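Hi everyone, thanks for coming. Today I'd like to walk you through one structure, step by step, so please have a look at it with me.

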Amino acid sequence: MADKKFYGAAQELRTKLTDSINAGKPPLKIILELARAVGELSGEESYYETTRDQVLSIYGLAFKDEFILNDEIAEVRARLEKICAAYENPDFTEEEHIRIGYALEKHKAEIERLEGLRDL
């Protein structure tokens with residue numbers, strides 16, 4: 001007899017896949033959602049990040065898929081917001097502010113680079 005836990009997880013994945021297709025979600029978004037679910041089910045949380053990095057490398061950077069590039073830009077912007085908040089924090093030393101400022105500039109440059117790829 002099939003393991004009931006596995007059956008429940010498999011049923012949940014089938015439902016997610018069907019719902020995503022019926023909702024007209026972009027195929028790459030569906031892949032990433034399934035990768036997240038598989039990672040959670042298998043206890044391998046890094047599976048999503050690894051899959052996401054691979055999808056970004058091929059579809060985002062090589063094929064310039066807008067969904068993937070927009071997702072990556074959003075992630076870099078979210079990190080930039082946190083870095084900006086840290087830069088404004090007076091509790092950091094001058095040396096720490098210099099390092100944070102360097103991270104700020106690198107994140108801004110990365111956003112420009114990714115936006116440039118999207119526009120090609």
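First, some ground rules. This is a predicted model, where local features need pLDDT of at least 70 and side-chain atom pairs count only at pLDDT 80 or more, while totals for chains, interfaces and linings use all residues. Residues are numbered from 1 along each chain as its sequence is written, and side-chain values use heavy atoms, with hydrogens and water left out.

So what does the chain contain? There are five helices and zero strands, and along the sequence the pattern reads α-α-α-α-α. Helices here are DSSP runs of H or I with at least four residues, strands are runs of E with at least two, and both are numbered from the N terminus.

Now the overall form. The C-alpha atoms fill a box of roughly 65 × 35 × 20 Å along the principal axes. The radius of gyration is 19 Å, whereas a compact globule of 120 residues would have one near 14 Å. That radius is taken over C-alpha atoms, and the globule rule is 2.2 Å times the number of residues to the power 0.38.

How much of the chain is buried? Of its 120 residues, 25% count as buried. Buried means under 20% relative accessible area, exposed means over 50%, and partly exposed is in between, with a 1.4 Å probe and protein chains only.

Let's move to helix α2. The 16 residues of α2 should span 22 Å at 1.5 Å a residue, and the end C-alpha atoms are 22 Å apart, so the two agree. The expected span is 1.5 Å times one less than the number of residues. The buried residues of α2 are L28, I30, L32, A35, A37 and G39. Take A35: it counts as buried because its relative accessible area is 5%. Leaving aside neighbours within four places in sequence, A35 is in contact with Y47, Y48 and T51; contact means heavy atoms within 4.5 Å. After α2 comes G43, with a positive phi near 80°.

Next is helix α3, residues 46-62. Its 17 residues reach 23 Å from first C-alpha to last, close to the expected 24 Å. Where does α3 kink? There is a kink of about 35° centred on L56; the bend at a residue is the angle between axes fitted to the seven residues ending there and the seven starting there. Y48, T51, R52, V55, L56 and G60 are buried in α3, and what covers the buried residues of this helix includes α2 and α4. Following α3 is K64, whose phi is positive, near 60°.

That brings us to α4, residues 66-88, where E72 is found. Is E72 buried or exposed? E72 counts as buried because its relative accessibility is 11%. The side chains of E72 and R52 are joined by a polar contact of 2.8 Å. A polar contact is a pair of N or O atoms within 3.5 Å; within protein, one must be able to donate a hydrogen and the other to accept it, and residues adjacent in sequence count only if both atoms are side-chain atoms. Beyond its neighbours within four places in sequence, E72 is in contact with R52, L56 and L114.

Last stop: L104, in helix α5, residues 94-119. L104 is buried, with a relative accessible area of 8%. Setting aside neighbours within four places in sequence, L104 is in contact with L80, I83, C84 and Y87.
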